[in-house]
Amino acid sequence: MHLQSIESKRKTSLFVESKVHWCAIVVATWLASNALSFYANSQSMFVSDIISAVAITALAFVALHKKSERFDTIAQWASALIAAWLMFAPLVFWAKSPIAYMTDNVAASLLVLCYWIVPHAKDSPSDVAETPPGWDYNPSDWWQRVPLMALALIGFFIARYLACAQLGYTGPAWDPVFQGGTEKILHSEVSKAFIISDAGLGAVSYLIDALAGFIGNKSRWQTMPWMVLLFSFLVIPPGVVSIVLVILQPVAVGSWCFLCLIAAFNMLFMVPFALDETIATCQYLQRAKQAGHGYFKTACLGTKVYVDRASDLPKEQSKALEVVPPLGLIVSMIAAGGMLAMPYYLNITGAAAINCYVVGALAMTFSVMAFAEVCRTVRFLNPVLCTWLVASVIFLPGYSLVSACAICTTAIVISLSSLRKGKILHQYGSFNRFIH
């Protein structure tokens, strides 16, 4: 019976893989037909998409002919590289046609769906843990991942609109707050310093985040550790770095961009939703190391190397979101956001204005990161920042009496509202000792 079950699963897997390859051939056919029909004024995009379509088709037919796990894996990883190229190709060639831009984005997304989302969506074996040992919920559960993917899609649509304006597909970009500010940002010297559209680069980043969120089942923190770590790398550093873009706008360009600010803050708010799954995966790798398995091998192969058994888990799991910020951190975030606007409304100039932008952006970053219970300790960085901010009123020129009082008051509010930890709703195993 056991051998029959294994053979049945193998046949089912081959059947799924064959359907995936045929779907990829359909995507390649559509990609090539669009290139032949609509790319008359874009020779480079035409050549790129035809070569990509031929490569996808060839890989799929070889995998169908060989019918082996090895060639399925080759097709899978090669498709990931082709999908990545399709996302970047319209930006690299500054595609003249919006149809080419849309076609490549859709084709790349469908390739990821065929080769990565569908094959890895099946449930883990019943003896494999979903909830990490010592935790009372599963950080890879869809309930935890959907908010992050929703934020990524919102960011993608905003960044894609800005990219279309930057590539010349639409008229001047819409900006309801800073009249003409968005156009100044999109066509500034900072943007021109990028060899490709920086707004388009942001759209690609958001699209990859959204697609990566769909890959893997509810146990992916141990079945696909490399995917979680890659996903975290795609979300957390860009989310923190996005605040640099906020600082650069008034400092380097002398203007604000409303949609750019929304996109940057959207990326920042994605960070706390990615932290818990990252912690769970790192704990898993540490347990595997203690059991005598290497970090790299476990990260690449997951449960093929080391398994957290389901018997170690509580029977009931919490379904509440891990990102439930206390009131103090919300107040701190709002106050930090207000500090970003103070140079404009209180006529703060020079080094003092730059100081407000930097400290305000960093305080907002630390407040939002601390929304996640696993990162609640980060809030203690805010009082350190605010201590410097109060001291800078004495040392830096550019403050008036009114602005100095406003800055000091805001700094005190941020510091005091960051002190209280708030209620911790969940258990995180060995990581509990780091939450203060």
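This chat looks at a pair of helices and some aromatic rings in a predicted model.

Biologist: At what angle do H4 and H8 cross?

Modeller: The axes of helix H4, residues 98–117, and helix H8, residues 198–214, come within 10 Å and cross at roughly 20°. Angles under 35 degrees count as roughly parallel, and H4 and H8 are therefore roughly parallel to each other.

Biologist: Is that crossing left-handed or right-handed?

Modeller: H4 passes H8 in a right-handed crossing.

Biologist: And which residues meet there?

Modeller: On the H4 side they are Tyr101, Asn105, Ser109, Val112 and Ile117, and these meet Gly200, Ala203, Leu207, Leu211 and Phe214 in H8. The residues of this contact divide into seven nonpolar, three polar and no charged.

Biologist: Switching to rings, how many aromatic pairs does the count come to?

Modeller: The count comes to 16 aromatic pairs. One of them joins Trp142 and Phe214, whose ring centres are 6.3 Å apart with planes at 45°, so the pair is tilted. Trp142 belongs to helix H5 and Phe214 to helix H8, and the two are 72 residues apart.

Biologist: Are those two buried or partly exposed?

Modeller: Trp142 counts as partly exposed at 32% relative accessibility, and Phe214 is partly exposed too, with a relative accessible area of 34%.

Biologist: What about Trp221 and Tyr284?

Modeller: Their ring centres lie 5.8 Å apart and their planes stand at 85°, so the pair is edge-to-face. Trp221 lies in helix H9 and Tyr284 in helix H11, so the pair ties together parts that are 63 residues apart in sequence. Trp221 is buried, with a relative accessible area of 0%, and Tyr284 counts as buried at 0% relative accessibility.

Note on methods:
Residues are numbered from 1 along each chain as its sequence is written. This is a predicted model: local features need pLDDT of at least 70, side-chain atom pairs count only at pLDDT 80 or more; totals for chains, interfaces and linings use all residues. Side-chain values use heavy atoms; hydrogens and water are left out. Axes are lines fitted to C-alpha atoms, for helices over the stretch in contact, and angles run from 0 to 180 degrees between N-to-C directions. Helices (H or I, at least four residues) and strands (E, at least two) are DSSP runs, numbered from the N terminus. Angles under 35 degrees count as roughly parallel, over 145 as roughly antiparallel, 65 to 115 as roughly perpendicular and the rest as oblique. A crossing is left-handed if the near helix is turned anticlockwise from the far one by less than a right angle, and right-handed if clockwise. Contact means heavy atoms within 4.5 Å. Ala, Val, Leu, Ile, Met, Phe, Trp, Tyr, Cys and Pro count as nonpolar, Asp, Glu, Lys and Arg as charged, and the others, Gly among them, as polar. Rings of Phe, Tyr and Trp (its six-membered ring) pair if their centres lie within 6.5 Å; planes under 30 degrees apart count as stacked, over 60 as edge-to-face and the rest as tilted. Buried means under 20% relative accessible area, exposed over 50%, partly exposed in between (1.4 Å probe, protein chains only).
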